[in-house]
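Hi everyone, thanks for coming along.

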Amino acid sequence: MATSNLMNEITATYSKMTKAEKKVADVVLSNPQDLLHVTINDLAKLCNVGETSVFRFCRTLSLKGYQDFKLSLALSTSAPDSTHSKDTINILDSSGSEDTSKKILQIYQKAIDCAFRSFNFGAISKTVDYILSSNSIHFFGFGGSGTTANEAKNKFLKIMPNIIYNSDSHVQLTQAALLGEGDLAIIFSNSGITKDCIEISRICHANGAHVVFATMFLKTPASAYSDVLLPCGANEGPMEGGSISNKTSQLFLIDILYAEVYRRLGKKALENKKKTSQVITEKMM
């Protein structure tokens with residue numbers, strides 16, 4: 001179970017740990033903040049131990065597993081008067097709504113710039129190729145990335161009819177099971193380790209569909225099942241889900257993909273946009 005006193009727990013339990021577990025403990029105690037965004041594989045390499053030893057270290061601390069450890073680490077290292085996300089601000093030192101707004105503006109501007117520098121434009125171009133050549137385009141994602149997938153659906157439906165997204169996790173897995181050659185799956189997973197996202201990429205790949213995986217973690221297990229890896233998102237700890245940097249990067253990427261598809265479709269995109277805009281306009285007073 002997650003705890004907000006992880007450092008004290010490690011110190012109190014240290015004498016009972018195995019030699020390998022103590023290696024993990026030493027690294028955690030010396031660099032807690034630096035470990036908020038590392039995977040279990042990365043931590044194992046830093047400690048020169050196997051992943052099993054890291055997992056046993058977590059269990060020795062009565063934690064359910066590595067994700068429980070990362071949550072405890074985040075709870076134990078966050079400042080009590082902070083908003084806990086590295087890309088948000090401490091609103092307590094703002095003088096008012098205008099000052100807060102300026103700080104949020106700076107965060108968005110920085111997030112856009114960082115996202116632009118992280119993009120792989122060759123991968124973006126290949127993704128657009130798949131979008132234009134596929135019979136159907138299916139967006140997938142859960143949590144904050146699910147919101148991104150839904151936004152992608154809403155945007156692309158204005159110029160293309162073959163766009164599909166459903167927020168229910170079981171329905172997403174069902175969709176994946178029926179995809180095949182000529183279909184495209186675009187999966188958003190900032191962490192790259194969401195189990196259902198990895199499973200969806202595996203299923204789609206096995207069925208012969210093209211798979212585009214948008215993630216911050218390019219060493220994701222889903223890379224084995226992906227035709228294109230799209231660098232996208234931001235480093236997030238367990239307490240930072242849906243951060244401004246991640247959300248902004250994903251939405252920025254969607255806008256770029258949409259604009260490129262629109263540009264390549266040319267007059268057809270313009271005609272479709274007029275049609276979809278017209279039917280919505282008729283719903284207004």
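A quick word on naming: helices (H or I, at least four residues) and strands (E, at least two) are DSSP runs, numbered from the N terminus.

Before going further, some background. This is a predicted model, so local features need pLDDT of at least 70 and side-chain atom pairs count only at pLDDT 80 or more, while totals for chains, interfaces and linings use all residues. Residues are numbered from 1 along each chain as its sequence is written, and side-chain values use heavy atoms, with hydrogens and water left out.

Back to our tyrosines. Are they buried or exposed? Y258 is buried, with a relative accessible area of 10%, while Y262 is partly exposed at 23%. Buried here means under 20% relative accessible area, exposed means over 50%, and partly exposed is in between, using a 1.4 Å probe and protein chains only.

Now for aromatic pairs, of which the structure holds nine. Rings of Phe, Tyr and Trp (its six-membered ring) pair if their centres lie within 6.5 Å; planes under 30 degrees apart count as stacked, over 60 as edge-to-face and the rest as tilted. One of the pairs is F139 with F156: the ring centres are 5.9 Å apart and the planes are at 35°, so this pair is tilted. It links distant parts of the chain, since F139 is in strand 1 (residues 136-141) and F156 is in helix 8 (residues 144-156), 17 residues apart. F139 is buried, with a relative accessible area of 2%, and F156 also counts as buried, at 2%. Our two tyrosines, Y258 and Y262, form a tilted pair as well, 6.0 Å centre to centre with 50° between the planes. Ring pairs link F139, F156, F188, Y258 and Y262 into a cluster.

K155 is found in helix 8 and lies over the face of Y258, at 4.9 Å from the ring centre. The rule for that is NZ of Lys or CZ of Arg within 6 Å of the ring centre and within 35 degrees of the ring normal. K155 is partly exposed, with a relative accessible area of 22%. Which residues does K155 contact, leaving aside its neighbours within four places in sequence? They are I254, D255 and Y258, where contact means heavy atoms within 4.5 Å. K155 and I254 are 99 residues apart in sequence, yet 8.4 Å apart in space, C-alpha to C-alpha.

Two strands pair if DSSP finds at least two bridges between them. In general, strands of a sheet pair through backbone hydrogen bonds, either parallel or antiparallel.

Let's walk across it. Strand 1 and strand 3 run parallel and are joined by six bridges, with I137 standing opposite L184 in strand 3. Strand 3 and strand 4 (residues 210-215) pair over five bridges, and A185 stands opposite V211. Strand 4 and strand 5 then pair over four bridges, and A214 has L230 as its bridge partner.

One last stop is strand 3 (residues 183-188), where six of the six residues are buried. D183, A185 and I187 are on one side, L184, I186 and F188 on the other, and both faces are covered.
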